[in-house]
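Subject: Structure handover

Hello,

Here is the structure I said I would pass on. Please open it and keep it beside this email while you read.

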Amino acid sequence: MVDVLQSVLDPTARAALRETLGERARFDEPLGPYASWKIGGPADAIADIETTQELADVLGLTHKRKIPWFVLGSGSNLLIGDGGIRGIVLRLAGEFAFIKVEEEEGMVVVRAGASASMALLTTQAASHGAVGVDSLAGIPGSVGGVLRMNAGTDREIGEFVREAWVQTPSKPQPHAVTPQYFYRHTTLAHDAVVARVVLAFERGDPHAVRAQMQRRLVRRKETQPLQFPNAGSCFRNPPGDKAGRLIEEIGAKGRRIGGAEVSPLHANFIVNRGGATASDVASLLAEVRREVAERFGVELELEVHFVGVFT
Ligand SMILES: Cc1cc2nc3c(=O)[nH]c(=O)nc-3n(C[C@H](O)[C@H](O)[C@H](O)COP(=O)(O)OP(=O)(O)OC[C@H]3O[C@@H](n4cnc5c(N)ncnc54)[C@H](O)[C@@H]3O)c2cc1C
């Protein structure tokens with residue numbers, strides 16, 4: 001039997017990564033610190049990538065040597081397995097972190113790199129009066145992760161995208177794509193790494209936009225268990241209903257497996273009460289999903305992405 005916990009990176013692949021990134025290539029490090037749930041086993045390699053050319057080089061390496069890879073954003077929508085991730089985990093930084101906001105022809109136009117923080121982007125865009133940006137406020141992701149997920153609330157990021165630029169292993173230089181956006185997913189190619197985006201918002205009154213954003217942030221603090229590590233809503237809302245309502249109805253609030261707990265405040269959040277493993281969370285999710293299906297005949301779909309090896 002193949003040992004799924006064994007590194008797939010041989011010494012020559014490790015050396016090649018070191019040659020490209022120097023100390024920004026790290027090996028066999030736990031991923032928990034990089035995920036909002038604070039859960040996750042080790043990656044064979046973590047590659048901190050700071051330029052377009054480095055991204056092209058590392059994607060080229062994965063392509064040539066058939067090395068599996070995964071692009072990590074802020075880790076706020078991920079359950080990373082206790083066995084970690086085989087291959088290279090890419091993290092964007094450096095030139096991918098820029099945010100530039102300009103007013104152009106009655107619009108607020110935001111140019112941002114994939115690793116830019118949505119919190120910073122929404123704050124800056126709101127101060128220019130970007131109408132609708134409040135719907136994206138309080139999402140603790142990176143621009144790339146938010147685009148991949150088409151994250152949002154009543155309005156989603158896809159509605160505001162003017163351009164999206166990606167790099168892929170077979171076409172490693174940045175190029176524009178036009179994916180379609182759906183509820184919490186997009187048609188972005190699975191091997192596309194978002195490099196940067198251009199968003200456009202109608203321009204309104206900055207005071208009104210900032211006030212609306214502030215109301216949303218206060219509401220989040222009241223309704224979400226932000227004091228414990230979590231990954232936001234675990235399940236997508238089924239058509240015409242709320243996953244949280246169904247989970248509350250089966251009486252699961254406060255239920256625990258190991259260190260994982262269905263939040264007593266918001267039933268669609270699972271919180272890490274300390275020392276939770278990916279198996280604790282996965283078991284709790286499976287239990288809740290089964291009971292909701294038995295009681296209501298509704299098959300809840302996961303919103304959080306499972307990645308890596310589950311032991
Ligand atoms: C407290 C809390 C509140 C939240 N509220 C909301 C909310 O209101 N609405 C909502 O939609 N979500 C919400 N989320 C979930 C999460 O923040 C979003 O899904 C967000 O889009 C994830 O971004 P990320 O950078 O953390 O991506 P990650 O979790 O790191 O990754 C998510 C997926 O995106 C991919 N990805 C990341 N970066 C890139 C890139 N550069 N190119 C291509 N793919 C990439 C990853 O491979 C992975 O498949 C919340 C989460 C938390 C913890």
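Is aspartate 28 buried, partly exposed or exposed? Aspartate 28 is partly exposed, because its relative accessible area is 44%. Please keep in mind that this is a predicted model.

Backbone angles

Aspartate 28 is in strand β1. Its phi is near 55°, which is a positive value in a residue other than glycine. Most residues other than glycine have a negative phi. Lysine 66 also has a phi near 55°, again positive and again in a residue other than glycine. You will find lysine 66 in the loop between α2 and β3 (69–72). With a relative accessibility of 72%, lysine 66 is classed as exposed, because the cut-off for that class is over 50%.

Salt bridges

The count of salt bridges comes to 24. A few of them are described here.

Start with glutamate 54, whose side chain meets that of arginine 24 in a salt bridge, at 2.8 Å from N to O. The two residues are 30 apart and belong to distant parts of the chain: glutamate 54 is in helix α2 (residues 52–65), and arginine 24 is in the loop between α1 (11–21) and β1 (25–30). Glutamate 54 counts as buried because its relative accessibility is 12% and the limit for buried is under 20%. Arginine 24, at 24%, is partly exposed. If neighbours within four places in sequence are left aside, glutamate 54 is in contact with Leu21, Arg24, Asp48 and Ile49.

Next is the pair of arginine 245 and aspartate 241, a salt bridge in which the closest N and O atoms are 2.9 Å apart. Arginine 245 is partly exposed, with a relative accessible area of 39%. Aspartate 241 is partly exposed as well, at 24%.

Glutamate 287 and arginine 255 form another salt bridge, with 2.7 Å between the closest N and O atoms.

A pair of helices

Two packed helices are described by the angle between their axes and the distance between the axes. For helix α3 (residues 118–127) and helix α5 (residues 206–223), the axes come within 8 Å and cross at roughly 145°. On the α3 side, the residues that meet α5 are Thr122, Thr123, Ala126 and Ser127. On the α5 side, they are Pro206, Val209, Arg210 and Met213. Sorted by type, the residues of this contact are four nonpolar, three polar and one charged.

Where is phenylalanine 201? Phenylalanine 201 is in strand β12 (residues 193–202). With 0% relative accessibility, phenylalanine 201 counts as buried. Apart from neighbours within four places in sequence, phenylalanine 201 is in contact with Met107, Val108, Val110, Ala130, Val131, Val133, Leu136 and Phe160. The C-alpha atoms of phenylalanine 201 and aspartate 44 are 41 Å apart, and the two residues are 157 residues apart along the chain.

Proline 238 is in the loop between α5 and α6. Proline 238 also counts as buried, at 14% relative accessibility. Not counting residues up to four places away in sequence, proline 238 touches Ala243, Leu246, Val298 and Leu300. Proline 238 and glutamate 301 are 63 residues apart along the chain, and their C-alpha atoms are separated by 7.8 Å.

A patch on the surface

Which residues form a nonpolar patch on the surface? They are Leu302, Phe306 and Phe310, which together have about 230 Å² of accessible area. Leucine 302 is in the loop between α7 and β16 (305–307). Leucine 302 is partly exposed, with a relative accessible area of 33%.

Regards

Note on methods:
Residues numbered from 1 in each chain as written. Predicted model: local features only at pLDDT ≥ 70, side-chain atom pairs only at ≥ 80, totals over all residues. Heavy atoms only, no water. Axes fitted to C-alpha atoms, helices over the stretch in contact; angles between N-to-C directions. Helix = DSSP H or I, 4+ residues; strand = E, 2+ residues; numbered from the N terminus. Contact = heavy atoms within 4.5 Å. Nonpolar A, V, L, I, M, F, W, Y, C, P; charged D, E, K, R; others polar. Salt bridge = Lys/Arg side-chain N within 4 Å of Asp/Glu carboxyl O. Buried < 20%, exposed > 50% of the residue type's maximum accessible area, 1.4 Å probe, protein only. Patch = residues over 30% accessible without salt bridge, like charges linked within 9 Å, V, L, I, M, F, W, Y side chains within 5 Å. Areas by Shrake-Rupley, 256 points an atom, 1.4 Å probe, with all protein chains shown as cover.
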